[in-house]
Amino acid sequence: ITDHDTTDPFERARTAADGTGLEVVLGTEFSAELDGSSVHVLGFWIDPGYAPLSDELDRLRLGLRPLARTCRGLLDRGLDRDKVAAIKELFKQLAG
């Protein structure tokens, strides 16, 4: 079971698998950047109780959610995808 920048579904997955004989492999998809491009890294057998990991996932999720909403709104209003990508880059640079 994986989700993007969160471990929230882990407990539900464990509960659903109880008594089924299924092994639940917990994972998350991390947002990252490589050579200026957005990439996604899959991590498996994640420990949701590991504080540095959960802190970083919170930072990623909370920082990207407003940006994603803004970009989606601009696309919905008909703004060109290249312009939205440029705005996204600007937000990321400003966020440090």
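Reply: Contact, as the word is used here, means heavy atoms within 4.5 Å, and helices (H or I, at least four residues) and strands (E, at least two) are DSSP runs that are numbered from the N terminus. The model is a predicted one, in which local features need pLDDT of at least 70 and side-chain atom pairs count only at pLDDT 80 or more, while totals for chains, interfaces and linings use all residues. Residues are numbered from 1 along each chain as its sequence is written, and side-chain values use heavy atoms, with hydrogens and water left out.

Me: Which elements does the chain have, and in what order do they run from the N terminus?

Reply: The chain has 3 helices and 3 strands, and from the N terminus on they run β-α-β-β-α-α. Among contacts between residues at least 6 apart in sequence, 40% join residues at least 24 apart.

Me: Why is glycine 36 called partly exposed?

Reply: Buried means under 20% relative accessible area, exposed means over 50%, and partly exposed is what lies in between (1.4 Å probe, protein chains only). Glycine 36 has a relative accessibility of 49%, and therefore counts as partly exposed. In the chain of 96 residues, buried residues make up 23%.

Me: How do you know that the buried residues of α1 are on the same side?

Reply: The buried residues of helix α1 (residues 10–17) are Phe10, Ala13 and Ala17. They cover an arc of only 65° around the axis, which puts them on the same side of α1; the arc is that of the directions from the helix axis to the C-beta atoms. An α-helix has 3.6 residues a turn, so residues three or four places apart point the same way. What covers the buried residues of α1 includes β2, whereas the face turned away from the buried side carries the exposed residues Arg12 and Ala16. After α1 comes glycine 19, with a positive phi near 80°.

Me: Why is the pair of glutamate 11 and arginine 14 called a salt bridge?

Reply: A salt bridge is a side-chain nitrogen of Lys or Arg within 4 Å of a carboxyl oxygen of Asp or Glu. The closest N and O atoms of glutamate 11 and arginine 14 are 3.6 Å apart, so the pair qualifies under that limit, and the structure holds 1 salt bridge. Being 3 residues apart in helix α1, the two are separated by about one helical turn. Glutamate 11 is partly exposed at 47%, and arginine 14 is partly exposed at 35%.

Me: What makes threonine 28 a buried residue, and which residues does threonine 28 touch?

Reply: Threonine 28, which lies in strand β2, counts as buried because its relative accessibility is 0%. Threonine 6 is in the loop between β1 (2–4) and α1, and is buried with a relative accessible area of 6%. The backbone oxygen of threonine 6 lies 3.1 Å from a polar atom of the threonine 28 side chain. A polar contact is a pair of N or O atoms within 3.5 Å, where within protein one must be able to donate a hydrogen and the other to accept it, and residues adjacent in sequence count only if both atoms are side-chain atoms.

Me: Why is the aromatic pair of phenylalanine 44 and tryptophan 45 called edge-to-face?

Reply: Rings of Phe, Tyr and Trp (its six-membered ring) pair if their centres lie within 6.5 Å, and planes under 30 degrees apart count as stacked, over 60 as edge-to-face and the rest as tilted. By this rule the count comes to 1 aromatic pair. Phenylalanine 44 and tryptophan 45 are 6.3 Å apart centre to centre with 70° between the planes, and the pair is therefore edge-to-face. Phenylalanine 44 is partly exposed at 43%, while tryptophan 45 is exposed at 63%. Tryptophan 45 is found in the loop between β3 and α2 (51–76), and its phi, near 55°, is a positive value in a residue other than glycine. Most residues other than glycine have a negative phi.
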